[in-house]
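Below is a short note for a colleague who works with coordinates. Please read it beside the model.

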Amino acid sequence: MAVAVALAAGLGACAGSETDTPTLTWYINPDDGGQAELARTCTEEADGRYQVETSLLPRDASSQREQLARRLAAGDASIDIVSLDPPFIPELAEPGFLAPVPEDLQNTEGVVQGAVDSATWDGELVTVPFWANTQLLWYRTSVVEAAGLDMSQPVTWAQIIEVAEEEGKLLGVQGTKAEALTVWINALIASAGGQVIVNPEAPADEVELGMDSPAARAAAEIVSAIGEAGLGGAGLTTADENASMNVFASDEGSFMVNWPFVYPALSAADPAVVEDMGWTIYPRVSEDQEPAPPVGGINLGVGAFSRYPDLAYDAIACIIRPEHQAQYFVTNGNPPSAVAAYDEPEVQEQFPMADTIRDSLELAVPRPQTPYYNDLSLSIQETWHPVSAVDPGTTPAESASFIIAVLRGESLI
């Protein structure tokens, strides 16, 4: 009898599930709870049409990429909404793992350009911009005042290197053999007017690189100058974003290129440093050319095998509303992709550099949007690390040859 009751209860549950509110699973990257809060908010606003539940992806971006690529390749229908790191979007879009973005979400008016570019593959918006990170140039006001450097005007890498050397200070840059190094190299090459890949949509055996170029050599000269002079500090070979922040916060700090998370982090850990802290747009490679700051953040995609793609995009339309992006910014420190969100009073009060972030995102250039990004990034890290060994005369050409060999299966990383 007990078995029969249990079976009946089970059948009842199955029959009832057909009329239950659809559950959308949103695979999120780790944050401070902001995405879970947005899931609750949009579930309430859906008023019973759907509910959004979150599922946590691994902490680092490469592990997120690996899990999503593997599961989508297997046709996983549980992936409704997914938070995607921009460099890995082409790899998922090219084989058709992402559901098409509907027309009403194709309108990118009022979205910062860097986020639009990073959400696009092969000329088409394949994901929806959510939050959009960028790096600024942070500086110690006491150092620039002592050096007489006018930070109201654009500054170059040559100028900040010169100030650090003259004042006996260190620069906060990311020299670790990891994605952060690729971010730096790409930004330098783009700021010099170049590009890592000339034809990112090409098949692997037809890819043309812009690595053996004047722009890449200009990037190598900056990296080499910092590495050879020891301006990145003793830990430069393993310096990630947090290590760079610690260098900046030390008595030897001067300048730092880093994401906006450093402001709330230092506000909590070392208010005295924040009182001596300024910010501006990413440094230029040359005086007469605008910089191309790094862009990061998260875009939202819908799994091609989701049972509820229309509802998933309805939920995304809720998640990305400017007021929700502003809420996410002030609670989790991740900048909006919507221009209007920067005008919210709470944003302006909590992040006094908000307008600079917005302006930076209009100049920002994504890392190469290619289905082969993972191999490309690892190859750059292999050939530009340690930065103290970078030689402007040889490194760019050697890096280009290695990348091509890896893409053609002639070398292993």
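Predicted model: local features only at pLDDT ≥ 70, side-chain atom pairs only at ≥ 80, totals over all residues.

1. Residues are numbered from 1 along each chain as its sequence is written, and side-chain values use heavy atoms, with hydrogens and water left out.

2. One disulfide (a pair of cysteine sulfur atoms within 2.5 Å) turns up in a search of the whole structure. Its partners are Cys42 and Cys318, with an S to S distance of 2.1 Å. Cys42 belongs to helix α2 (residues 34–46) and Cys318 to helix α13 (residues 309–319), so the pair links distant parts of the chain, 276 residues apart. Helices (H or I, at least four residues) and strands (E, at least two) are DSSP runs, numbered from the N terminus. The link of Cys42 and Cys318 is left-handed, with -90 degrees about the S-S bond.

3. Are the two cysteines buried or exposed? Cys42 is buried, at 1% relative accessibility, and Cys318 is buried at 7%. Buried means under 20% relative accessible area, exposed over 50%, and partly exposed in between (1.4 Å probe, protein chains only).

4. Four strands form an open sheet in the order β8-β9-β7-β10, with mixed pairing. Two strands pair if DSSP finds at least two bridges between them. At the edges are β8 (170–172) and β10 (277–280), each pairing on one side only. β7 (residues 136–140) pairs with β10 in the antiparallel sense over four bridges; Tyr139 has Gly278 in β10 as its bridge partner.

5. Helix α10 (residues 241–249) lies across β7, β8, β9 and β10, at about 155 degrees to β9. Axes are lines fitted to C-alpha atoms, for helices over the stretch in contact, and angles run from 0 to 180 degrees between N-to-C directions. Contact means heavy atoms within 4.5 Å.

6. Met256 lies in strand β9 (residues 253–258) and is buried at 1% relative accessibility. Met256 and Trp138 are 118 residues apart in sequence but 5.1 Å apart in space, C-alpha to C-alpha.

7. Thr182, in helix α8 (residues 179–191), is buried at 1% relative accessibility. Its side chain makes a polar contact with the side chain of Ser377 at 2.9 Å. A polar contact is a pair of N or O atoms within 3.5 Å; within protein, one must be able to donate a hydrogen and the other to accept it, and residues adjacent in sequence count only if both atoms are side-chain atoms.
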